[in-house]
Amino acid sequence: MNVDSSKAMGNGPIVDSSISTSSKQFIENGGCIRNDFSFPTGGFPSLRLPVVTSLETNLMARCRRIYAHAHDYHINSISSNSDGETFISADDLRINLWNMEISDQSFNIVDVKPANMEDLTEVITSAEFHPKHCNMLAYSSSKGSIRLIDMRQSALCDTHSKLFEEQDAPGTMSFFTEVIASISDIKFAKDGRHILSRDYMNLKLWDINMDSGPVATFQVHEHLRPKLCDLYENDSIFDKFECCLSGDGLRVATGSYSNLFRVFGCSEGSTEATTLEASKNPTRRQGQTSSRPCRSLGSLSGVVRRVKGADNLGVDANGNTSDFTTKLLHLAWHPTENSIACAASVFTCIMHEADPTKLEIILLEISLQILP
């Protein structure tokens, strides 16, 4: 290609008016493509290309503090406060208030220990902070009562602001009345308006603004009433079942025997009552699965099994009577999702093991709509 120097424009002179054609191919924005380029045999040993790998996140619990030497009896409850700075721990006779940053000092706020232990008539069974008011908490007793206390009243909360209990009907008292009336667990609803309690026979829902009685009662073990003598002989009557509420407050759940648990609708006018089995290897139903959101309980047979006839007869999935050696004592409802974590306790026959129970953690999805 010949270039006329008289027509050339630019900031620099032209060295030669004749430029020979090169074999190099120029590309836009500078640079050129060499036709004589070739990869060496074996490639470039120093060239490293990025590789996509999958990394699994392993979560590990680490003990940050130990809060010790404040209880003489087994701790039955721990509840964190809504202020994010304090929590309570409760045993049979005392409730202590802790600061999360101070592990060697606590304040005793409830003490039901009498001067003479022979005068002891009831013990503390459960305690929980109010979800919104950091000055309020509730605790239950072995006599079937729930006390709501306000820590602003005094340093030692010997008196309660409200007492929730249900009196037995005349003529219904028996040897087992006080035993089955003992409350094993209480939970505040997310809005703090209601308290859910569990005794051996029933679930009860209380309104903190109405202490005359529960607003709803759900029968769980009424079918076992004729067997109370047998339950007393094998100590099953002293089993402590926990309870939980859904995040929207429309349903409650609690465990039972044979690894069963009950789900009840607690909204006004609701008659929902479902019995489900927590099983590690349930029978899975084959079929097409729709989109993930909103599935009914009937479509979750791959995770739980609905027990036919168990609502009335208290039988297990095989139609047998309740197996008192397998019990579902602990469960918790996810605060925002429709999931329940269940700890199904399975009694093992290997008696030489240090712990005769085996815990299986099972996640169960519960839909917003429970089939009748």
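Modeller: The protein chain contains three helices and 22 strands; helices (H or I, at least four residues) and strands (E, at least two) are DSSP runs, numbered from the N terminus. This is a predicted model, in which local features need pLDDT of at least 70 and side-chain atom pairs count only at pLDDT 80 or more, while totals for chains, interfaces and linings use all residues. Residues are numbered from 1 along each chain as its sequence is written, and side-chain values use heavy atoms, with hydrogens and water left out.

Colleague: What percentage of the residues of the protein chain count as buried?

Modeller: Buried means under 20% relative accessible area, exposed over 50%, and partly exposed in between (1.4 Å probe, protein chains only). Here 38% of the 372 residues of the protein chain count as buried. Accessible areas come from the Shrake-Rupley method with a 1.4 Å probe, and for residues only the protein chains shown count as cover. The protein chain exposes about 23,700 Å², of which carbon and sulfur atoms supply 52%.

Colleague: Which residues touch the most other members of the largest nonpolar core?

Modeller: A nonpolar core is a set of buried Ala, Val, Leu, Ile, Met, Phe, Trp, Tyr and Cys residues joined through side-chain atoms within 4.5 Å. The largest one has 13 residues, and I88, I95, I109, V110, L137 and Y139 touch the most other members. At least two residues of this core come from each of β4 (86-90), β5, β6 (102-111), β7 (124-129) and β8 (136-141). Strand β7 gives the largest share, three residues.

Colleague: What does Y139 touch, leaving aside residues up to four places away in sequence?

Modeller: A contact means heavy atoms within 4.5 Å. With those sequence neighbours not counted, Y139 touches residues including I95, V110, I124, A127, I146 and I186. For the protein chain, residues 24 or more positions apart account for 47% of the contacts with a separation of 6 or more.

Colleague: How many salt bridges does a search of the whole structure find?

Modeller: A salt bridge is a side-chain nitrogen of Lys or Arg within 4 Å of a carboxyl oxygen of Asp or Glu. The search of the whole structure finds 12. One of them joins the side chains of D72 and R94 at 3.7 Å, N to O. This pair links distant parts of the chain, 22 residues apart: D72 is in the loop between β2 (32-33) and β3 (77-80), and R94 is in strand β5 (residues 94-99). D72 counts as exposed at 61% relative accessibility, whereas R94 is buried at 18%. A network of salt bridges links D72, R94 and D111.

Colleague: Are K327 and D239 buried or exposed?

Modeller: Both K327 and D239 are buried. Their side chains meet in a salt bridge of 3.2 Å, N to O. The pair links distant parts of the chain, with K327 in strand β20 (residues 326-333) and D239 in the loop between α2 (228-233) and β15 (243-245), 88 residues apart. In another salt bridge, the side chains of E222 and R225 meet at 2.7 Å, N to O. E222 is partly exposed, at 29% relative accessible area, and R225 is partly exposed at 36%.

Colleague: Which backbone angle deserves a look at H69?

Modeller: H69 has a positive phi of about 60° although it is not a glycine. H69 is placed in the loop between β2 and β3 and is exposed, at 84% relative accessibility. D235, also not a glycine, has a positive phi of about 70°. D235 lies in the loop between α2 and β15 and is partly exposed, with a relative accessible area of 48%.
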